Amino acid sequence: MSTHSTLHITTLSLPINNHIDFFVFFGDRERNTQQPREMHKFATSLRRRTSGRDQFRRCFSQLAQRQSSIEESGGVPIIPAFDYSPPPYTGPTAEEILRKRKEFLSPAMFCFYKKPLNIVHGKMQYLFDENGRRFLDGFGGIATVNCGHCHPDVVKAIINQTTTLQHSTILYLNHSMADFAAALAGKMPGDLKVVFFTNSGTEANELALMIARLYTGCQDIISLRNAYHGNAAGTMGATAQSNWKFNVVQSGVHHAVNPDPYRGQFGSDGEKYAKDVDDLIQYGTSGNVAGFIFEAIQGVGGIVELAPNYLPPVYKTIKKAGGLMIADEVQAGFARTGTNFWGFQNQGIVPDIVTMAKGIGNGIPLGAVVTTPEIAKVLTRRSYFNTFGGNPVCTAAGHAVLKVIERENLQENAHVVGSYLKQRLTSLKDKHEIIGDVRGRGLILGVELVTDRKLKTPAKTEILEIMETMKDLGVLVGKGGFYGNVFRITPPLCFTKEDADFLVDVMDYSISKL
């Protein structure tokens, strides 16, 4: 908590006897003591704002019970103050939803946590469960909610468009799609200015791979080991993790050695890894390829940022082989890296095709492929149509997202807060042997857990225990990596330094309780 010597009134949540509850706390922030005079003023104000004496008494009953509990909490981190309370939830319970989910939804679906959370409300960087319990969202719906949950400007754009025109068809004109395409093209470097809208990242990558094959006349695609590009026919071939690949035909894709600075054989020497791409072309193809698809920071793969100076030599190799460079910005794009708007810009190249989704719509199902006018012409050889791609509601949301990122300077915030968060996470590595690596940039960060730093043995079981404890203390993070031993930290870009401190303090506390 802050150390300002002023009266502080906030809503807190603490695990007390395995029960989570809320209470109003007030007192001197620096000395954490009650002040009778201020208490009386607050009581008078509260009495005016409550609907009856019972509410007033309950508030002070909770205060009396919890004040001593803070002192006895043994240093348990306290969630930052947040001036918002969600409306009461009256829907089905977690147990009811889980029962229906098991009966009517795919058995392939899985949940985090031993007792799955029923998340019913969101506001900016916070989520609320069915009991009104507030959680700090360190996962952002898998790097999706860039502007913050239910950002008022995005919500307003969606509502306004929905009440005007929910859907028609791209066979008619509508300004929403055209306006957003123009704005999106304005964020792209070079001649990248033709936009194809899709409904997801998988669909965007499928389209990008087809465009590359059509344009070059070649079928061979080069991807990276540890990559994830989707779960449809073509993108599953480009994905290179066995746990995401079904035993179906996946042809025409070659997987190069991953330039992983932590687990890779060449450490952070990107140029040495790049030699493998040339070898793949020389020994595994006709000498010509359709393209090279990459994530500047591999998300599902465990927040692995490609080794420095890797992409420039690969770019030259691919161009020599007649191929196109395809940047998958589904997770790293839209200001998340902080230093640049797009992840590929951190390696100083301009790709031929860029795919995007997730953060583009702040949770609305929306994706896009952006390429050059010359390359885009290949789709005129036949009819290409997408019923929902460019839907007015979705594109209105996407346009609002761009405006929020610019107006609220979220890229700079991702850089400043992300750098601070990474620094604090790195300090935990010096304290806890189980942390093998801290990586990423901006607000796309990874913390890899190992049981042996020298052998880099994945801490598969331990990460689950730590996640459970963090959740109990009010912090939600993701996990990933090939071994499932990496914390994926991709919060909304409105994250604050106070949020970062809370996340790190909770992780520190949770690891210490192993």
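**Questions on Burial, Salt Bridges and Cavities**

Visitor: Is aspartate 508 buried or exposed?
Guide: Aspartate 508 has 16% relative accessibility. Residues are classed as buried under 20% relative accessible area, as exposed over 50%, and as partly exposed in between (1.4 Å probe, protein chains only). Aspartate 508 therefore counts as buried.

Visitor: What kind of model is this?
Guide: Residues are numbered from 1 along each chain as its sequence is written, and side-chain values use heavy atoms, with hydrogens and water left out. Local features need pLDDT of at least 70, side-chain atom pairs count only at pLDDT 80 or more, and totals for chains, interfaces and linings use all residues, this being a predicted model.

Visitor: Which residue does the side chain of lysine 431 meet in a salt bridge?
Guide: A salt bridge requires a side-chain nitrogen of Lys or Arg within 4 Å of a carboxyl oxygen of Asp or Glu. The N to O distance here is 2.9 Å, and the partner of lysine 431 is aspartate 508.

Visitor: How many residues apart in sequence are the parts that this pair ties together?
Guide: Helices (H or I, at least four residues) and strands (E, at least two) are DSSP runs, numbered from the N terminus. Lysine 431 lies in helix α13 (residues 410–431) and aspartate 508 in helix α15, so the parts that they tie together are separated in sequence by 77 residues.

Visitor: What is the distance between the closest N and O atoms of glutamate 305 and arginine 441?
Guide: The structure holds 16 salt bridges, and glutamate 305 forms one of them with arginine 441. Glutamate 305 is in strand β11 (residues 304–305) and arginine 441 in strand β15 (residues 435–441), so the pair joins parts 136 residues apart in sequence. The closest N and O atoms of the two are separated by 2.7 Å.

Visitor: Is glutamine 298 buried or exposed?
Guide: Glutamine 298 belongs to strand β10 (residues 297–298). Residues up to four places away in sequence aside, glutamine 298 touches Leu224, Arg225, Asn226, Ala227, Asn258, Ile303, Val304 and Leu306, where contact means heavy atoms within 4.5 Å. Because its relative accessible area is 1%, glutamine 298 is buried.

Visitor: What area does the nonpolar surface patch with Tyr172 have?
Guide: Tyrosine 172 is in the loop between α5 (152–164) and α6 (175–185), and its relative accessibility of 56% is why it counts as exposed. Patches take residues with over 30% relative accessible area and no salt bridge, joining like charges within 9 Å and nonpolar side chains (Val, Leu, Ile, Met, Phe, Trp, Tyr) within 5 Å; areas come from the Shrake-Rupley method with a 1.4 Å probe, and for residues only the protein chains shown count as cover. Ile170, Leu171, Tyr172 and Phe385 make a patch of about 460 Å².

Visitor: What is the volume of the largest cavity?
Guide: On a 1 Å grid over the protein atoms alone, a cavity is a set of points where a 1.4 Å probe fits but cannot get out, and lining residues have an atom within 4 Å of a point; points are joined across faces, edges and corners, and a volume is the space filled by probe spheres set on them. The count comes to 2 cavities of 30 Å³ or more. Residues lining the largest cavity include His167, Ile170, Tyr172 and Pro392. Its volume is about 70 Å³.

Visitor: What percentage of the chain do buried residues make up?
Guide: The secondary structure comes to 15 helices and 20 strands. Of the 514 residues in the chain, the buried ones make up 52%.

Key. On a 1 Å grid over the protein atoms alone, a cavity is a set of points where a 1.4 Å probe fits but cannot get out, and a pocket is an open set with protein on both sides within 12 Å along at least five of seven lines; lining residues have an atom within 4 Å of a point.
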